[in-house]
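Here is a walk through one protein chain, written to be read with the model open beside you.

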Amino acid sequence: MPSAHASAESVVRSFWRLMASNDFDAVAAVLDERFVLEWPQSGERIRGAANFARMNREYPAHGPWRFELHRLVAASDEVVTDVSVTDGAQQARALSFFTVERGRIVRLVEFWPEPYPAPAHRAHLVEPLR
C-alpha cells in the first residue's frame, strides 16, 4: 500500500504494475475509498475498488491483459498516462487522467480512442507512424 506521502507519479506507476498482474483486486491497494472511474465516451461511471475489480475480471478477454506505458506526465496531484492494452487478440489505447490525494487514486477519467485510417486528402503532408 502506498504511503500518504507517495508521489502521484509513483502511485500511478504502481497502478499500472498492479493492473499488469491481472489480479484486479490487488489494484485496490492504490485506490482511495472514494475512487471514481469515468468514461466520458460511453457516459459511464464506476464507483469503488470492488466494482472496478469486478468490471475488469468480467471483461471478455482472450488471455491475460498486457499493458505498455508509452508516456506518463505528472504534476503535483495529477498524472496523465498513454497506455496500450492487449489480451493477445484485442488491442486498444487508453489516455488516462488520474487525480491522487494522500497517496491514493481518487479519480480516473479515461478515453479509449478508436484508430482510424488517415484521410487521403493530406497524404502529401504526412508520414505513417507505423
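Predicted model: local features only at pLDDT ≥ 70, side-chain atom pairs only at ≥ 80, totals over all residues.

## Ground rules

Residues are numbered from 1 along each chain as its sequence is written, and side-chain values use heavy atoms, with hydrogens and water left out.

## The overall layout

The chain has two helices and six strands. Helices (H or I, at least four residues) and strands (E, at least two) are DSSP runs, numbered from the N terminus. Reading along the sequence, you get α-β-β-α-β-β-β-β.

How much of the chain is buried? Of its 130 residues, 35% are, where buried means under 20% relative accessible area, exposed over 50%, and partly exposed in between (1.4 Å probe, protein chains only). As for contacts (heavy atoms within 4.5 Å), take those in the chain with a separation of 6 or more: 46% come from residues 24 or more positions apart.

## Strand β1 and its neighbours

Strand β1 covers residues 31–39, and seven of its nine residues are buried, so the rest of the structure largely encloses it. With strand β6 (residues 104–111) it runs parallel, joined by four bridges; strands count as paired if DSSP finds at least two bridges between them. In that pairing, leucine 31 stands opposite isoleucine 105. Strand β1 is also joined to strand β2 (residues 44–47) by four bridges, this time antiparallel, with leucine 37 opposite isoleucine 46. The β1–β2 hairpin has four residues between the strands, and glycine 43 there takes a positive phi near 70°.

Aspartate 32 sits in strand β1. Its relative accessibility is 7%, which is why it counts as buried. Leaving aside residues up to four places away in sequence, aspartate 32 touches Arg102, Arg104, Ile105 and Val106.

Strands β4 and β5 run antiparallel and are joined by nine bridges; valine 85, for one, has alanine 92 in β5 as its bridge partner. Their hairpin has four residues between the strands, with glycine 88 at a positive phi near 95°.

Next, β5 and β6 are joined by seven bridges, again antiparallel. Glutamate 101 has arginine 104 in β6 as its bridge partner. In this hairpin there are two residues between the strands, and arginine 102 takes a positive phi near 50°.

## Helix α2

Which residues of α2 are buried? They are Phe52, Ala53, Met55 and Asn56. Seen down the axis of α2, these fall within an arc of 160° (using the directions from the helix axis to the C-beta atoms), so they line one face of the helix. An α-helix has 3.6 residues a turn, so residues three or four places apart point the same way.

What covers the buried residues of α2 includes α1, β1 and β2. On the face turned away from the buried side you'll find the exposed residues Ala50 and Glu58.

## The largest pocket

The largest pocket has a volume of about 1,200 Å³. A pocket here is an open set of points on a 1 Å grid over the protein atoms alone, where a 1.4 Å probe fits, with protein on both sides within 12 Å along at least five of seven lines; lining residues have an atom within 4 Å of a point. The volume is the space filled by probe spheres set on the points, which are joined across faces, edges and corners.

The lining has 33 residues, and Ala92, Arg93, Pro113, Glu114 and Pro115 lie nearest the centre. The elements giving two or more residues to this lining are α1, α2 (49–58) and β5 (91–101). By type, the lining divides into 21 nonpolar, five polar and seven charged residues. Ala, Val, Leu, Ile, Met, Phe, Trp, Tyr, Cys and Pro count as nonpolar, Asp, Glu, Lys and Arg as charged, and the others, Gly among them, as polar.

## Two loop residues to check

Asparagine 22 lies in the loop between α1 and β1. It has a positive phi of about 65° although it is not a glycine, and at 25% relative accessibility it counts as partly exposed.

Serine 76 is in the loop between β3 (66–75) and β4 (78–86). Its phi is also positive, near 55°, and serine 76 is exposed, with a relative accessible area of 71%.
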